[in-house]
Amino acid sequence: MNMRHPPARQQNYGDDPLAMRETDHYVAEYVQSFVDKWDELIDWRGREQAESEFFIETLRSLGAKKVLDVATGTGFHSVQLLKAGFEVTSVDGSPEMLAKAFNNARKHGYILRTIHADWRWLNRDVHDLYDAVICLGNSFTHLFNENDRRKSLAEYYATLRSHGILILDQRNYDALLDQKIEPSHNYYYCGEDVNVVPEHIDDSLARFRYRFPDQTEFHLNMFPLRKDYIRRLMKEVGFQRVTTYGDFQETYHEREPDFFVHVAEKRYRDQEPQA
Ligand SMILES: C[S@@+](CC[C@H](N)C(=O)[O-])C[C@H]1O[C@@H](n2cnc3c(N)ncnc32)[C@H](O)[C@@H]1O
């Protein structure tokens with residue numbers, strides 16, 4: 001358990017919510033009532049259709065079998081990958097999320113292998129090597145400072161086998177920062193009646209409001225990652241090749257996609273000596 005943040009009942013951003021720009025705050029953001037509503041937000045069936053097996057196909061095409069889902073949330077991708085025959089271990093830093101994911105997986109007939117860990121010191125709790133690490137659902141943007149981002153990427157890198165891949169997605173914050181536009185599609189958060197709005201955006205904060213049909217509201221404070229910046233960090237920690245997709249397409253206009261997916265490969269392509 002993360003003892004710094006005992007489970008809270010309500011989100012608490014203090015007197016000035018726009019001043020809350022701390023990595024550690026994520027545990028307190030996922031209060032039980034928000035966790036319970038998360039699946040309304042993402043709508044598993046709608047999301048499955050929107051993603052149309054992109055992640056499964058990408059993992060298969062790169063030969064991955066053993067996957068570490070580091071941002072399990074309520075378990076959507078862990079369960080989807082288990083169904084598709086992958087070996088999956090599910091990590092999250094929020095105990096509430098992991099418990100929800102475990103229960104969701106049981107409903108689908110799976111016992112989730114869970115590890116409660118923070119990415120910044122992942123390898124203190126994860127003692128195995130994987131073909132792939134996935135960090136999906138705009139999760140990496142919970143990290144508010146560069147040191148946390150570098151450390152987390154280095155921890156992902158360390159838990160990958162020599163041919164391993166990292167798949168990490170993010171909102172198209174460049175579009176939000178540069179044009180002040182609202183995302184048009186809804187590829188990831190597919191719940192029809194849930195209203196997701198970027199309430200505030202500046203260079204170091206994107207604050208989103210999630211309004212549910214019963215009028216309950218929650219917020220998430222995220223760091224607006226620029227696409228080229230995160231690609232550079234990935235290369236700096238040692239990934240050799242980073243391919244970025246826009247809304248699951250290899251070719252796209254920079255401003256159009258709502259989401260980017262980065263596929264970062266650890267393997268030295270041509271230089272690596274044969275084993
Ligand atoms: C936006 S949710 C996405 C969940 C899921 N992947 C999805 O797409 O529905 C982000 C998840 O990342 C987890 N998370 C955020 N920062 C973390 C950190 N530093 N270490 C471990 N987990 C973290 C949160 O607890 C939360 O469950």
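Predicted model: local features only at pLDDT ≥ 70, side-chain atom pairs only at ≥ 80, totals over all residues.
**Ligand shell**

The ligand is surrounded by 18 residues. Gly 73, Gly 93, Ser 94, Gly 137 and Ser 139 are the closest of them. By class, the shell holds 8 nonpolar, 7 polar and 3 charged residues.

**Nonpolar core**

The largest nonpolar core counts 61 residues. Seven names carry the most contacts inside this core: Val 67, Val 70, Ala 132, Val 133, Ile 134, Leu 166 and Ile 167.

**Cys 135**

Cys 135 belongs to strand 4, which spans residues 130-135. Is Cys 135 buried or exposed? It has 23 other C-beta atoms within 10 Å. The cut-off for a buried residue is 20 or more, so Cys 135 is buried.

Beyond its neighbours within four places in sequence, Cys 135 is in contact with Val 70, Ala 71, Phe 140 and Leu 168. Gln 170 lies 35 residues from Cys 135 in sequence. In space, the C-alpha atoms of Cys 135 and Gln 170 are 9.3 Å apart.

Three strands make up an open sheet, ordered 6-7-8, with antiparallel pairing. Strand 6 (195-202) and strand 8 (217-222) are the edge strands. Each has a single partner strand, so one side of each lacks a neighbour in the sheet. From one strand to the next, the twist averages 20°.

Strand 7 covers residues 205-211. Its two pairings are set out below.

| Strand pair | Sense | Bridges | A bridged residue pair |
|---|---|---|---|
| Strand 6 and strand 7 | antiparallel | 7 bridges | Asp 202 and Leu 205 |
| Strand 7 and strand 8 | antiparallel | 6 bridges | Phe 208 and Leu 220 |

Strand 6 and strand 7 also form a hairpin, with 2 residues between them. Leu 205, the bridge partner of Asp 202, sits in strand 7. Leu 220, the bridge partner of Phe 208, sits in strand 8.

Key:
Residues numbered from 1 in each chain as written. Near = placed C-beta within 6 Å. Nonpolar A, V, L, I, M, F, W, Y, C, P; charged D, E, K, R; others polar. Core = buried A, V, L, I, M, F, W, Y, C linked by C-beta atoms within 7 Å. Buried ≥ 20, exposed ≤ 12 C-beta atoms within 10 Å, placed from the backbone. Helix = DSSP H or I, 4+ residues; strand = E, 2+ residues; numbered from the N terminus. Contact = placed C-beta atoms within 7 Å. Pairing = 2+ DSSP bridges. Axes fitted to C-alpha atoms, helices over the stretch in contact; angles between N-to-C directions.
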